[in-house]
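Q: I have a chain open and would like to go through it with you. Could we take it piece by piece?

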Amino acid sequence: MRSVVGSLGWVARQCRGDLSYEVSRGQSTVSRATIQDLKRTNEAVAKCREGSSIGLVFQAGTVDWNNAAIVTIIDASFAQEEETNDDGNTKHHRSQIARMTALVSPTIFSEDVANCHVISFASATDKRVCNSTLQAEGHALIAGSDNGDRVRAIIADLHVPLNMRNWERESASTRPHLWLSDCKSLVEHLHNPKEERLSNTRLSIDIAGLKQMIWIKDDGTQYEELPKERDARYAIRWIDTSAMPVDCMTKRMKGDVLVRTFAGELDLRPTPESVLVKLKKSKHRKEKAEREHAAKGPVNGLVYWHNNDC
């Protein structure tokens, strides 16, 4: 099993990100594998053979390296993984984090579909135990942002050699770095200009560091309001889970969205099924609120008017 997982790992790192989760899972259980682990490994081999035509596509002329934006896509599954070391000790409640860095056409700032070239991607089990989804997503964003910054610096250095003592600031001025996440709480925290201390100190420090990258100018002062994505050094945007390319790198699921992204098209539009589910949930919440309001009745002889459009 160890040699099979190793071979799958090579294929996954080269051009099959849809196998990344299976490889990561196999590597964490290979020291004390069960029959179920062997079955999952064989399923991964079958999946690899069936998708032998899948790969990275770099179509000429679709992305201009002179003005393309750096886009980092991150995702995490919270506390669903286990990791077994060589001594056979199993560590529970680990989170799986995934990241992808791509060069994307600047049309991504005005549209939901854009051409892209995927530069790097990875999936790994977080070594630290996370106590919330926000923390797992934060760890994924830190790892993804660091990798995206290095890619941006490499491309900038190809155009004009950077000062190695100030490479981060110089490369940041060359092109925007856009972060994409399906975690609304993370995006809302980073968009909030207020410095709010969280109850978890480690998480609070991580969020403050990410927020500083978005809100602080080169001269050290803070923006009064965030600039537009195409004008910012760093920006973050929420996307629907159904449009998340790296979702399949954090759990066992189909990787259709990832495969389309590997083919050179980044599509951030939610699926019709996802839109319908959200509309149903919104309608249910609205009806529930109306029932609760009607059940309370008039208060102190007064009837309060409720505007459903607010």
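Q: Which strand does His93 lie in?

A: His93 lies in strand β2, which covers residues 90-104; helices (H or I, at least four residues) and strands (E, at least two) are DSSP runs, numbered from the N terminus. Before going on, note that this is a predicted model, in which local features need pLDDT of at least 70 and side-chain atom pairs count only at pLDDT 80 or more, while totals for chains, interfaces and linings use all residues. Residues are numbered from 1 along each chain as its sequence is written, and side-chain values use heavy atoms, with hydrogens and water left out.

Q: What is the phi of His93, and is the residue buried or exposed?

A: His93 has a positive phi of about 60 degrees although it is not a glycine. At 52% relative accessibility it counts as exposed, where buried means under 20% relative accessible area, exposed over 50%, and partly exposed in between (1.4 Å probe, protein chains only).

Q: And what about Ala79, where is it found?

A: Ala79 is found in strand β1, and it too is a non-glycine residue with a positive phi, of about 55 degrees. Its relative accessibility is 22%, so Ala79 counts as partly exposed.

Q: Zooming out, how many helices and strands does the chain have?

A: There are 9 helices and 6 strands. The C-alpha trace spans about 75 × 55 × 40 Å along its principal axes, and of the 310 residues 43% count as buried. Among contacts (heavy atoms within 4.5 Å) with a separation of 6 or more, 71% come from residues 24 or more positions apart.

Q: What does the accessible surface come to?

A: The accessible surface of the chain is about 17600 Å², and 51% of that belongs to carbon and sulfur atoms; the areas come from the Shrake-Rupley method with a 1.4 Å probe, and for residues only the protein chains shown count as cover.

Q: Let's look at helix α1. Which of its residues are buried?

A: The buried residues of α1 are Val5, Leu8, Gly9 and Ala12. They cover an arc of only 110 degrees around the axis, which puts them on the same side of α1; the arc is that of the directions from the helix axis to the C-beta atoms. Ser3 and Trp10, on the other side of the helix, are exposed.

Q: What do those buried residues pack against?

A: They pack against α2 (20-29), α3 (35-50) and β3 (113-125).

Q: How far apart are the end C-alpha atoms of α1?

A: They are 19 Å apart, which agrees with the 18 Å that the 13 residues of α1 (residues 2-14) should span at 1.5 Å a residue, given that the expected span is 1.5 Å times one less than the number of residues.

Q: Switching to charges, how many salt bridges does the structure hold?

A: The structure holds 10 salt bridges, each being a side-chain nitrogen of Lys or Arg within 4 Å of a carboxyl oxygen of Asp or Glu. One of them joins Arg25 and Glu81, with the closest N and O atoms 3.4 Å apart. Arg25 lies in helix α2 and Glu81 in strand β1 (residues 69-84), so the pair ties together parts that are 56 residues apart in sequence. Glu81 is buried, with a relative accessible area of 4%.

Q: Which residue does Arg152 pair with?

A: Arg152 forms a salt bridge with Asp149, the closest N and O atoms being 3.3 Å apart. The two are 3 residues apart in helix α4 (residues 133-159), and are therefore separated by about one helical turn; both are buried.

Q: What is the N to O value for Asp247 and Lys251?

A: Their side chains meet in a salt bridge at 2.6 Å, N to O. Asp247 is buried at 8% relative accessible area, whereas Lys251, at 32%, counts as partly exposed.

Q: How many disulfides are there?

A: The structure holds 0 disulfides, a disulfide being a pair of cysteine sulfur atoms within 2.5 Å. The sulfur of Cys15 is 8.3 Å from the closest cysteine sulfur, in Cys48, which is too far for a bond. Cys130 is in no disulfide either, the nearest cysteine sulfur, that of Cys183, being 12 Å away, and Cys130 is buried, with a relative accessible area of 4%.
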